[in-house]
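Good morning, and thank you for the time on today's agenda. Please have the sequence and the model open while I speak.

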Amino acid sequence: MPSGGTGAGEDTGPLAGTTTHVRTCPLCEATCGLELAVAHDGSGGGEVVRVRGDRHDVFSAGYLCAKGSAIGRLHADPDRLRQPLIRRGTPDDPQFEAVSWDDAFAEVERLLTAAIDTHGRTATAVYLGNPNVHNPGAALYTRPLVRALGTPNIFSASTVDQMPRHVSSGLMFGHPDAIAVPDLDRTDYLLMLGANPLESNGSLCTAPDFGGRLDAIRARGGRVVVVDPRRTRTAELADEHLFIRPGTDAVFLAGLIRELFATDRVDLAHLDQHVAGLDELESHVAAFTPEHVESVTGIAADTVRRIAVELADAPTAVVYGRIGTTTVAFGTVASWATDVLGVLTGNLDAPGGAMFPLAAHNLPGNGTPGRGFTMGRRRSRVRNHPEVRGEFPVATLAEEITTPGDGQIRALVTVAGNPVLSTPDSDRLASALATLECMVSVDPYLNETTRFAHVVLPPPSALERCHYDLAFTGLSVRNVANFSPALFEPTGPGEHEILARLALIAAGQGAGADPSTIDELVLGTLLGRASAPGAPTAGRDPAELAAMITGTTPVERALDVMVRTGAYGDWFGEVPGGLSLQHLLDHPHGVDLGALQPRIPEVLRTPSGKVELAPDAIVADLARLASLEGPTDGDEALMLIGRRHVRSNNSWMHNVEILVKGRERCTLLMHPDDANHRGLGDGDRAVVRSRVGEVTAPVEVTDTVMPGVVSLPHGWGHDDPHTSLAVAAARPGVNANVLTDAEALDPLSGTSVLNGIPVTVGATNG
Ligand SMILES: Nc1nc2c(c(=O)[nH]1)N[C@H]1C(S)=C(S)[C@@H](COP(=O)(O)OP(=O)(O)OC[C@H]3O[C@@H](n4cnc5c(=O)[nH]c(N)nc54)[C@H](O)[C@@H]3O)O[C@H]1N2
Ligand SMILES: Nc1nc2c(c(=O)[nH]1)N[C@H]1C(S)=C(S)[C@@H](COP(=O)(O)OP(=O)(O)OC[C@H]3O[C@@H](n4cnc5c(=O)[nH]c(N)nc54)[C@H](O)[C@@H]3O)O[C@H]1N2
Ligand code: SF4
Ligand SMILES: [Mo]
């Protein structure tokens, strides 16, 4: 079985007895168009009989992967919850009972109100997981919920993922969401670090058929260089692969910056008038000589010199770093360095370099300097960690639950998250969750996290809701807009309604309060853009505009407003031919809004109005980086890194047979030298120990990992008997995050170190 993407295949026409629907896949960041053959059951439901790539999709042109093909199976999964659950027993012996929605919300009201009355709002917390950003209803309605809780304790998957990128963008460009993506389709040179898009399908770079786009770079005479401690499928496709010691990319990148200065290759080109801090930058990277880089990273000094020259001399070039560069101890500095290299080679904000997308629901800046980016407005209670983007590191969640005192978390709402498998030191977190007085989970599965909840509220499946990608259209290599209405009627309340009712309960208005008040709140805020000074609709009667909104659900209506008042919108008739929800409905294969356009200085929100090349926080962390050293001789510790597989998605798609069948995937990859040295052979079970935990996993001996490095995927460990995941439980694997350390963070962003964990490995009986 090829595990990569599959083409759309022959056009064999519609299947007998089915109707054809196209929709955007919400499962990963690639936003592929899917073509579904559906047998409707006549009462709003039905069965997905076939899934293919939508060859007419303006962006994905027929590409899809195994997960997209399985979207009907996810919908049909008998373990997917269709009714709320209330836990009647203790966490050790939870007895879950399926209940009505009214009973479930009444129970939430009882528990949450008691917790707030007894301990105050600072004793509440929320954890927002990854699928929230793949779901417009959740994306729009988690904010009112968080507001209503009135708590400083906000946690999300961002601090086990991309937060360093937000911080570096905030510091350099003045806005944490000003994220430049590689212009894959026009670049001549791609230096890719810590990303494996052939498995992940790309991240912070929405590009369906990423592999095809990499092939195209090479076909037009360009070059792809991959830096990774493992020779991944992406590395194999590249022109060149460089092994790097885990956690050291920031040193390599700082070395490249230094080389550009040392060889007099700095050329700001069009950015000349738009940068600040250039003069001092050179001195801050002076320590990162090629020889020093070699000693820390393992990349030869001459290679460092050559790559710097290649980057500078290529007609266009881009440096792109992902998980392997962000979930490490110097994640923010590494993210900063990728953009600095773009600036110094004149490639940032230019075709073929890294560019800022402009999604249909967003607006360009107005060209005036901004307020810049602030962190640390609050600090976490136990560890005193600064807030970043209003969040505390999820690695501090367990200690905030277990440490007594004022503000100790006693009530937690999780929405679309599985932190027991996804966040560090997860055994400790699981024990902490068991002590909560109130835990409510909005989630379609009874899994390793939600099994601790007092109440589980399952949202509709991805096929029972509409989709418009609020997050990834803003991170896309082309500007594109697609809207997909719900395919099936939901059997329960929509996710927006669940979140609205939770918000009302949190606000003290009770389980019976009318959720449409939250709909009006959301819509009112969005409509504000239409009356802003200078807006084409400014001065028009808000009631008249409100009457023009279309859409059958509150989420569709909100999206209509966002798209109409966005960069390409119709502004309620003011801009003929502009986008609206109806326009998107009329174009089910998507609307192509063109290649990315330069956006500097409009996109900048720094007080100086310039790109800040040497922000104080970064300069301070460069001093810490300079003290990072290479391995010492005789060191028995191995460095643990993660990995992804195209048929997984973090922790939650292991309950679909077709996505998990075949060879065991939760294995420990180990270099032959390291395996021999420990007397381990292929298939042997090995004990992996870190400072905080241990797991036992089968060894896979392979020279695709560099010596000194071992790799275990995350998202496995489905052996908790109190979950309801029949398929996943048959191939449980082990939880890599039992090994990751909640103390290990990138200090600037609060992001956990998930790659480069020191571990020892030995035979099970040794
Ligand atoms: N199939 C699948 N697709 C997914 C997901 C999934 O779980 N499965 N998850 C989705 C999510 S939430 C995200 S955020 C994206 C992530 O998207 P990617 O970042 O592309 O994902 P990974 O496959 O984890 O790639 C990280 C790479 O970094 C390497 N690495 C580890 N440590 C280091 C290091 O110190 N330096 C360098 N240079 N490399 C290092 C690893 O070997 C790995 O190849 O994928 C998304 N797509
Ligand atoms: N060791 C290690 N750990 C990692 C990573 C790594 O590379 N290595 N990667 C990290 C990354 S990049 C990320 S993003 C995090 C992910 O961290 P999380 O978001 O906490 O974990 P997921 O496994 O994505 O769990 C998603 C949850 O959402 C539920 N869900 C799915 N669809 C919906 C929906 O439509 N609505 C609702 N309400 N729930 C839904 C699923 O059932 C599941 O419980 O994991 C991180 N953890
Ligand atoms: S690559 Fe991502 S968006 Fe495309 S079909 Fe697969 S899971 Fe869906
Ligand atoms: Mo992620």
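Some conventions are needed before we continue. This is a predicted model, in which local features need pLDDT of at least 70 and side-chain atom pairs count only at pLDDT 80 or more, while totals for chains, interfaces and linings use all residues. Residues are numbered from 1 along each chain as its sequence is written, chains are lettered from A and ligands numbered from 1 in the order in which they are written, and side-chain values use heavy atoms, with hydrogens and water left out.

Now the overall picture. The protein chain has 26 helices and 28 strands; these are DSSP runs numbered from the N terminus, helices being H or I with at least four residues and strands being E with at least two. The radius of gyration of the chain is 25 Å, close to the 27 Å that the globule rule gives for 766 residues, so the chain is as compact as a globular protein of that length. That radius is taken over C-alpha atoms, and the rule is 2.2 Å times the number of residues to the power 0.38. Along the principal axes, the C-alpha atoms fill a box of roughly 70 × 65 × 60 Å. Of the 766 residues, 61% count as buried.

I turn to the ligands. Around ligand 1 there are 30 residues, and the closest are Ser-200, Asp-228, Gly-247, Asp-249 and Asn-650; a residue belongs here if one of its heavy atoms lies within 4 Å of the molecule. Which helices each supply at least two residues of this shell? They are helix H6 (197-200) and helix H13 (323-326). By class, the shell divides into nine nonpolar, 13 polar and eight charged residues. Here Ala, Val, Leu, Ile, Met, Phe, Trp, Tyr, Cys and Pro count as nonpolar, Asp, Glu, Lys and Arg as charged, and the others, Gly among them, as polar.

The side chain of Ser-200 has an N or O atom 2.7 Å from an oxygen atom of ligand 1. The backbone takes part as well: an N or O atom of Val-227 lies 3.0 Å from a nitrogen atom of the ligand, and one of Gly-324 lies 3.3 Å from an oxygen atom. Of the 920 Å² of accessible area that ligand 1 has on its own, the protein covers 98%; such areas come from the Shrake-Rupley method with a 1.4 Å probe.

Ligand 2 has 28 residues around it, and Tyr-127, Asn-130, Asp-443, Glu-495 and Ser-651 come nearest. Their shell consists of 13 nonpolar, 11 polar and four charged residues. Oxygen atoms of ligand 2 lie 2.6 Å from a side-chain N or O atom of Asp-443 and 2.5 Å from one of Ser-651. A nitrogen atom of the ligand is 3.4 Å from an N or O atom in the side chain of His-714. Taken alone, ligand 2 exposes 920 Å², of which the protein buries 96%.

Finally, some backbone details. Most residues other than glycine have a negative phi, and most peptide bonds are trans. Ala-61, with which I began, has a positive phi of about 50° and is found in the loop between strand S3 (46-53) and helix H1 (66-69). Phe-572 also has a positive phi, near 50°, in the loop between helix H21 (554-564) and helix H22 (581-586). Is Phe-572 buried or exposed? Phe-572 is buried, with a relative accessible area of 2%. A cis peptide bond, with omega about 15°, joins Ile-600 and Pro-601, and Pro-601 is found in the loop between strand S19 (591-595) and strand S20 (611-612).

Technical notes
Polar contact = N/O pair within 3.5 Å; in protein donor to acceptor, adjacent residues only side chain to side chain. Buried < 20%, exposed > 50% of the residue type's maximum accessible area, 1.4 Å probe, protein only.
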